Amino acid sequence: MATKRSSLSTKQQRIDRVMTLMAIRGKSGEEQGVADFIKKQLIKAGASKGQITEDSAHRRTIIKGNQGNLTLRLPGTVKGPRRMLSAHMDTVPICVGCEPRIKGNLVTSVSEETGLGADDRAGCAVVLSTAIDILRSGLPHPPLTFCWFVQEEVGLQGVRHMSKAILGNPAMAFNWDGGVATKLTVGATGGYRIRIEIDGIASHAGVAPERGVSAISIAAVAIADLQQNGWLGLVEKGKQKGTANVGVIEGGQATNVVTDKVIVRAEARSHNSKFRERIVKEIRAAFDRAVKQVKNVEKSTGSVLWEGRLDYDSFKLSPKQECVQIVQSIFKSMGHDTSLAIANGGLDANWLNAFGIPTVSMGCGQMNAHMVTETLDLTQYLLACDLGLRIATVDD
Ligand SMILES: [Zn+2]
């Protein structure tokens, strides 16, 4: 096929794509509308239905979603190792219903109550724009896989449960998520999620409070213990660093009852998996101690039921990995400096690396992700689109 450089997306088309994608409702587990839009655009650009695959990851995830991971797989027009480009389709709930608005070079949400969802619809738009340009232009390219993941924001569930066969065995991957376009994330922390069910003893709060064991008191004592001993928030012990957070407390129905059930949800992270395990152990010990401390008049105590699971393990790529070198050399040729970073959050790249696919992640200009002040820098986004196209093509 003849090369048609004139058929590459214009700046305006790239911007229109990200604006449309950010406005689609699609929190974790509800990505179908996003996937439908992407599929339609791919088919319009010339993809055949056989090149597009959706898996059933959403039936294996914790929240049963309405959409699986979506891929477009293209054979190469030139020989070479298969390259994969990816991003995640879901947003955090605060972004649902957002109306994006451009002001100068920045995009924000019109309402002060909604976030933008540029994390990670801007990434979706980078991968989509690249796919469309490859389909339309006939530019020479190695075998390519474009992948849009579901359920990233709820503990990397989409990638974790994906059918690896739909990827077509890529030799390396390039993932776009939040942040600056020229920042290459080559490692990320591992995360552990904890659910603690505290059982106390119910009693009338006015008539016989001394016979009750308050599950709320147990939670309060445990959390205060962690706070006072430096095991919550930023955790620093000697040279070791990590984080811990109690993010959810649910319990109680009335003020006149000593509460007998509380659910606490917490997490721990560290680049060092041994230290992360230590933090988890400290959290558990604090709840076990708290249970023993809160007793009723009959010296009865409550109990805790502990559930924990590793969401993803930490990883660190060598800067010599081919995917890292490719991005660095493209940016260098464009006159941009790059930086290498280790992320404190989990990324789909954590699992891709665990599956044996070396994966580097870049941002596309999203700032203040997960907040109502979330902003997308369009210059950065367009730079990410330029990078995507360069990664997917080979110089002729
Ligand atoms: Zn993200």
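This dialogue explains how to read several structural features, using a predicted model.

User: Over how many bridges do β10 and β11 pair?

Analyst: Strand β11 (residues 240–251) and β10 pair in the antiparallel sense over five bridges. Glycine 233 has alanine 244 of β11 as its bridge partner, and valine 235 stands opposite glycine 242 in β11. The hairpin of β10 and β11 has two residues between the strands, and within this hairpin glycine 238 takes a positive phi near 60°.

User: How is a pair of packed helices to be read?

Analyst: Two numbers describe such a pair: the angle between the axes and the distance between the axes. For helix α2 (residues 32–44) and α3, the axes come within 10 Å and cross at roughly 20°. Angles under 35 degrees count as roughly parallel, and α2 and α3 are therefore roughly parallel to each other. The crossing in which α2 passes α3 is right-handed. Val34, Ile38, Gln41 and Leu42 of α2 make the contact with Cys124, Leu128, Ala131 and Ile132 of α3.

User: At what angle do helix α1 and helix α9 pack?

Analyst: Helix α1 (residues 11–23) and helix α9 (residues 378–392) pack at about 105°, and their axes are 11 Å apart. That angle makes α1 roughly perpendicular to α9. On the α1 side the contact is made by Lys11, Arg14, Ile15 and Val18, and on the α9 side by Leu378, Tyr381, Leu382 and Cys385.

User: Which residues of the largest nonpolar core touch the most other members?

Analyst: The largest nonpolar core holds 78 residues, of which Cys124, Val127, Trp148 and Ala384 touch the most other members. Helix α3 (residues 118–137) gives the most to this core, with 11 residues. When neighbours within four places in sequence are left aside, tryptophan 148 is in contact with Ala35, Ile38, Asn69, Leu70, Ala87, Met89, Cys124 and Val127. Another core, of 29 residues, lies apart from the largest one and includes Val213, Ala215, Ala219 and Ile223.

User: Which way do the residues of β2 point, and are they buried or exposed?

Analyst: In a regular strand the side chains alternate between the two faces of the sheet. In β2, Leu70, Leu72 and Leu74 point one way, while Thr71 and Arg73 point the other way, and all are buried. Strand β2 (residues 70–74) is thus described as mostly covered, with five of its five residues buried.

User: Which strands are joined to β2?

Analyst: Three bridges join β2 to strand β1 (residues 52–54), and the two run antiparallel. Here glutamate 54 stands opposite leucine 70 in β2. Strand β6 (residues 144–149) is joined to β2 by five bridges, again antiparallel. The bridge partner of threonine 71 in β6 is cysteine 147.

User: Does alanine 208 count as buried or exposed?

Analyst: Alanine 208 counts as exposed because it has 12 C-beta neighbours inside 10 Å, and a residue is exposed at 12 or fewer. Alanine 208 lies in the loop between β9 and α5. Between alanine 208 and asparagine 368 there are 49 Å in space, C-alpha to C-alpha, and the two are 160 residues apart in sequence.

User: What order does the open sheet of four strands have?

Analyst: The order is β4-β5-β18-β17, with antiparallel pairing. Its edge strands, β4 (100–103) and β17 (366–367), each pair on one side only. Strand β5 (residues 106–109) and strand β18 (residues 375–377) run antiparallel and are joined by two bridges; valine 107 stands opposite leucine 376 in β18.

Notes. Residues are numbered from 1 along each chain as its sequence is written. This is a predicted model: local features need pLDDT of at least 70, side-chain atom pairs count only at pLDDT 80 or more; totals for chains, interfaces and linings use all residues. Two strands pair if DSSP finds at least two bridges between them. A nonpolar core is a set of buried Ala, Val, Leu, Ile, Met, Phe, Trp, Tyr and Cys residues joined through C-beta atoms within 7 Å. A residue is buried if 20 or more other C-beta atoms lie within 10 Å of its own, exposed if 12 or fewer, and partly exposed in between; C-beta atoms are placed from the backbone. Two residues are in contact if their C-beta atoms, placed from the backbone, lie within 7 Å. Axes are lines fitted to C-alpha atoms, for helices over the stretch in contact, and angles run from 0 to 180 degrees between N-to-C directions. Angles under 35 degrees count as roughly parallel, over 145 as roughly antiparallel, 65 to 115 as roughly perpendicular and the rest as oblique. A crossing is left-handed if the near helix is turned anticlockwise from the far one by less than a right angle, and right-handed if clockwise.
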